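Have a look first, and then we can go through it question by question.

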Amino acid sequence: MNTASIPVGSIRKSGAAARFPLDRWYVAGFSSELQDQPIGRTFLNQKVVLFRTGSGEIAALEDRCCHRSLPLSCGTVEADGVRCGYHGLLYAPSGQCLEIPGQERIPSKARVRSYRVVEKDRIVWIWMPRDEDSAPAVEPPDYPHHDDPRYKFGSGMYHYKAPWQLIHDNLLDLSHLGYVHLKTIGGNARLHMNAPMKVTQDGDTVKVVRLMPGSTPPPTYRAAWPFGDTCDRWQEIEFHVSHLAIWTGAMEPGSGAIDDPRRGGFHMRGFHGITPETEDTCHYFWSMASNKHPDMPENIDTVVEQTAYTFDEDRVVIEDQYRNIADFGDRNSWMDIHVDAGANRARRIVERLLADVRPEEVAG
Amino acid sequence: MNTASIPVGSIRKSGAAARFPLDRWYVAGFSSELQDQPIGRTFLNQKVVLFRTGSGEIAALEDRCCHRSLPLSCGTVEADGVRCGYHGLLYAPSGQCLEIPGQERIPSKARVRSYRVVEKDRIVWIWMPRDEDSAPAVEPPDYPHHDDPRYKFGSGMYHYKAPWQLIHDNLLDLSHLGYVHLKTIGGNARLHMNAPMKVTQDGDTVKVVRLMPGSTPPPTYRAAWPFGDTCDRWQEIEFHVSHLAIWTGAMEPGSGAIDDPRRGGFHMRGFHGITPETEDTCHYFWSMASNKHPDMPENIDTVVEQTAYTFDEDRVVIEDQYRNIADFGDRNSWMDIHVDAGANRARRIVERLLADVRPEEVAG
Amino acid sequence: MNTASIPVGSIRKSGAAARFPLDRWYVAGFSSELQDQPIGRTFLNQKVVLFRTGSGEIAALEDRCCHRSLPLSCGTVEADGVRCGYHGLLYAPSGQCLEIPGQERIPSKARVRSYRVVEKDRIVWIWMPRDEDSAPAVEPPDYPHHDDPRYKFGSGMYHYKAPWQLIHDNLLDLSHLGYVHLKTIGGNARLHMNAPMKVTQDGDTVKVVRLMPGSTPPPTYRAAWPFGDTCDRWQEIEFHVSHLAIWTGAMEPGSGAIDDPRRGGFHMRGFHGITPETEDTCHYFWSMASNKHPDMPENIDTVVEQTAYTFDEDRVVIEDQYRNIADFGDRNSWMDIHVDAGANRARRIVERLLADVRPEEVAG
């Protein structure tokens with residue numbers, strides 16, 4: 001049990017400028033979303049338009065035409081860039097204005113800020129710099145499971161009326177499954193609560209493992225895999241500041257070591273890209289990859305469908321939680337219990353990163 | 001006519017902390033509402049969860065789990081208390097945490113504030129103390145009419161986007177019936193306006209009586225009782241800070257003294273529990289008890305149904321009124337007329353009670 | 001091209017009191033709206049009730065009963081005035097209370113502020129004074145086209161979640177037709193952008209003319225007039241602080257001088273009364289008059305219908321634009337292009353009028 005309490009003040013410093021870890025890749029969306037329409041999204045209080053040009057290149061610009069401030073996401077995508085939907089100014093992926101209809105001269109100030117974006121592993125990553133010139137020193141994180149031939153995945157996105165760290169808390173402790181997700185991946189509340197939880201940290205990565213041999217298969221597991229009365233179940237959670245990779249699953253009882261990374265059985269590989277929108281809201285980009293069972297041809301579709309249902313249950317709880325935090329204001333205080341060890345480590349990592357931000361670098 | 005004007009400033013002191021009379025019983029709901037689900041409500045800016053345990057005991061706690069702030073009203077009721085819907089902490093009616101799943105030790109700080117609640121006359125009363133230790137010196141008010149064998153009652157609840165005192169104003173002067181409730185209990189605008197209104201005060205209780213012999217029976221009266229062309233009608237309003245008891249009705253013309261408390265005829269006994277939610281909003285808990293007529297078997301159902309309609313008409317007017325007060329802000333001023341005598345007395349009582357609140361005791 | 005940039009700060013001075021040009025007639029509505037119900041509207045932050053008495057007289061009062069602040073627009077219109085819907089106080093068009101039901105004496109303070117209103121050319125104009133005593137020195141503007149026997153008109157009204165000057169910007173530069181209104185009066189983006197734009201100013205009136213001979217008729221023109229492949233098209237915009245009169249249309253190619261005010265062909269005469277509601281919102285009262293074609297009996301109905309659709313497209317764009325301006329806050333800056341010459345003149349006129357307002361005369 002972790003006894004060092006995380007001050008609730010770290011959830012939301014009222015009156016303070018919103019602060020987020022900068023010089024960092026965040027998830028902006030999935031590759032599949034960037035079709036022929038521009039997409040407007042706010043990341044870390046910055047309004048961004050995402051689009052894919054006719055040549056297939058992806059781009060991200062400040063979502064505001066420099067002429068009269070219409071969002072560029074209200075415009076149209078062309079071969080060379082995005083065209084404003086009000087008076088037709090055309091912008092290149094670099095942010096440079098390429099054309100002002102009816103006007104020959106393009107003033108030097110005719111440009112908008114551009115953001116570095118990279119498409120990798122079916123995920124669109126955006127670099128959120130400390131200042132406009134700070135270039136990425138690292139590649140975006142790897143997530144090989146979307147292209148693993150053993151798996152097929154589905155993805156989705158939820159908008160949260162809650163700060164991003166409340167989702168970290170939720171995902172770093174799966175004991176809530178026994179209370180929140182009874183209809184899908186939950187049940188076994190006591191087993192979750194009593195299973196030993198192993199928490200380790202390596203730099204800014206936190207790993208939480210819970211093994212539950214002899215567990216009753218929850219509804220989603222039964223719907224996706226021909227389990228009997230019991231299964232040997234694992235939960236491996238890996239927290240990174242921009243996202244979590246969660247590998248859960250189960251095997252026939254006694255059919256192998258449940259902590260062996262080469263284990264067989266039923267796999268659920270969850271990707272969770274959590275990107276702050278504002279200090280009070282965030283984007284939650286998720287995917288779920290699973291493996292086919294020869295006798296259950298639709299099993300992955302079932303897993304994805306029930307995952308969407310499950311994550312929406314979380315959204316309801318977390319938004320209720322945040323509304324209550326906001327309502328109680330200064331009268332909040334949090335009492336830690338044994339399951340909070342992993343989440344509290346993640347909160348300390350984010351706190352340390354925020355402390356490194358010099359005041360003049362505050363985003364927003 | 002009351003010429004001493006009540007300053008509009010007493011409606012809402014902008015910028016000032018919300019203040020309400022404390023050390024007082026308020027209506028929290030009706031007994032019939034407390035079934036197998038917890039109910040979350042805010043009283044006097046304090047978020048409360050109400051529930052009835054498996055043993056039938058009713059309880060009220062601060063609506064926030066001390067672990068991670070989820071409202072306890074999102075949880076479930078068990079035999080011994082209410083269980084949080086996120087990680088399963090169980091709380092007794094005393095506010096003491098009885099169980100933290102998977103953790104043996106219950107820290108001493110694992111508890112939430114509890115409120116005194118009493119169930120009496122089918123009404124749930126909650127004690128709103130000046131400080132956590134101030135215990136009630138008195139019993140909750142009596143309201144014997146719910147269990148009077150001559151009557152049957154129905155009840156309802158409205159949430160108001162308006163401060164509670166605007167409802168006092170409304171109920172202490174029934175002359176608005178002639179303009180607002182033409183379809184149910186209204187009509188006779190001139191008769192209402194011209195009937196003498198007798199206002200008396202005894203401590204913090206105000207009584208307003210208006211007698212209207214030879215009145216045309218309004219639609220609800222006709223639908224519920226076989227009146228002829230005229231009736232002798234009475235309106236007796238009793239204001240208490242937490243609620244109003246209003247006894248209206250009518251008799252066959254000349255069939256007795258309409259100011260005799262043992263009078264017969266058609267009775268409408270209204271209970272109006274008005275509990276501030278915030279300084280801008282309130283709860284309105286009402287019941288209407290009426291007597292059966294041998295030839296009109298459904299008459300009480302009709303009365304309750306039309307009462308719900310009538311009180312919703314009031315809500316529309318009062319919410320429009322409050323939006324306008326808010327829009328005009330400092331530019332409001334109120335000119336009193338003859339019908340305001342009772343309402344102004346009630347306002348002075350509340351003003352005096354608020355003046356007694358020491359600054360450090362301000363709620364919220 | 002206009003190079004003197006209008007500071008974005010003139011769009012919205014955050015924190016500053018709302019300011020509007022006063023001592024001026026604004027559009028309050030259309031004559032056809034004032035039937036048997038009072039209408040509540042806010043002009044320049046002032047809540048007003050408009051009504052027409054039984055004698056046909058129109059009136060405008062402060063929308064607040066001086067008794068208990070219910071909006072008078074929730075009341076009823078009678079032969080002599082408007083009666084409050086709560087306790088029946090009756091007000092004359094002068095603002096004087098004529099009756100307090102049940103009370104003989106009418107106190108001298110029983111009155112509300114009245115506004116001067118004039119009905120002219122099917123338009124209801126309201127005088128918004130610097131102070132209550134400043135009487136109009138001029139008549140409301142003329143708009144003879146509603147009663148021109150060659151035309152028939154339809155009208156409508158949009159509520160905008162955007163400040164009024166963004167609509168001026170929009171209407172003073174019709175080059176946006178090529179991007180926003182492709183389905184109705186748009187198309188020909190390049191032709192619009194390349195056509196010379198003549199901007200002239202006379203006092204507080206700005207005139208913008210764009211002539212486009214040899215233009216492809218846009219969809220609405222084709223639906224309303226039997227044009228061939230091309231037409232000679234004109235756009236004449238006349239800005240006044242309270243409204244714009246826009247005369248657009250087209251003729252058979254070469255059938256006459258398109259800058260001749262006696263020209264024939266297809267006419268669209270648009271009236272655009274734009275009245276601030278608050279600093280962030282406004283009312284847009286529009287009418288469209290057109291001339292009948294002998295072979296197309298329904299042509300004017302088509303024009304009015306497509307105009308309503310077109311103006312709603314503008315509303316979507318302008319509200320998106322304003323939300324973005326608000327979101328970017330101090331980080332907005334506007335880069336002028338060639339089409340902004342007319343709109344910028346109008347902005348300077350309003351700026352000058354606002355600078356004339358002494359601080360103590362600020363509205364609201």
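Q: How many residues of chain A are in contact with chain B?
A: This is a predicted model, so the contacts are those of the prediction. Contact here means heavy atoms within 4.5 Å. On the chain B side, 27 residues take part, and on the chain A side the number is 30.

Q: Which residues of chain A lose the most area to chain B?
A: Chain A and chain B bury about 2,500 Å² between them, and carbon and sulfur atoms give 53% of that area. On the chain A side, three residues together account for 27% of what is buried there. Those that lose the most are Y179(A), F328(A) and M335(A).

Q: What share of the area buried between chain C and chain A is on carbon and sulfur atoms?
A: Let's turn to the other pair. Here 30 residues of chain C are in contact with 27 residues of chain A. In chain C, Y179(C), F328(C) and M335(C) lose the most area to chain A, together 27% of what that side buries. The two chains bury about 2,500 Å² between them, and the share on carbon and sulfur atoms is 54%.

Q: Which residues of α1(A) meet α5(A)?
A: The crossing of these two helices is right-handed. From α5(A), the contact takes in D314(A), I318(A), Q321(A), Y322(A) and I325(A). By class, the residues of the contact of α1(A) with α5(A) are 5 nonpolar, 2 polar and 1 charged. The α1(A) side is made up of L166(A), I167(A) and N170(A).

Q: What is the handedness of the crossing of α1(B) and α5(B)?
A: In chain B, helix α1 (residues 164-171) and helix α5 (residues 299-328) pack at about 125°, with axes 10 Å apart. These helices are therefore oblique to each other. Their crossing is right-handed.

How values were computed: Residues are numbered from 1 along each chain as its sequence is written. Chains are lettered from A and ligands numbered from 1 in the order in which they are written. This is a predicted model: local features need pLDDT of at least 70, side-chain atom pairs count only at pLDDT 80 or more; totals for chains, interfaces and linings use all residues. Side-chain values use heavy atoms; hydrogens and water are left out. A crossing is left-handed if the near helix is turned anticlockwise from the far one by less than a right angle, and right-handed if clockwise. Helices (H or I, at least four residues) and strands (E, at least two) are DSSP runs, numbered from the N terminus. Ala, Val, Leu, Ile, Met, Phe, Trp, Tyr, Cys and Pro count as nonpolar, Asp, Glu, Lys and Arg as charged, and the others, Gly among them, as polar. Buried area is the accessible area (1.4 Å probe) that two parts lose on being put together, summed over both. Axes are lines fitted to C-alpha atoms, for helices over the stretch in contact, and angles run from 0 to 180 degrees between N-to-C directions. Angles under 35 degrees count as roughly parallel, over 145 as roughly antiparallel, 65 to 115 as roughly perpendicular and the rest as oblique.
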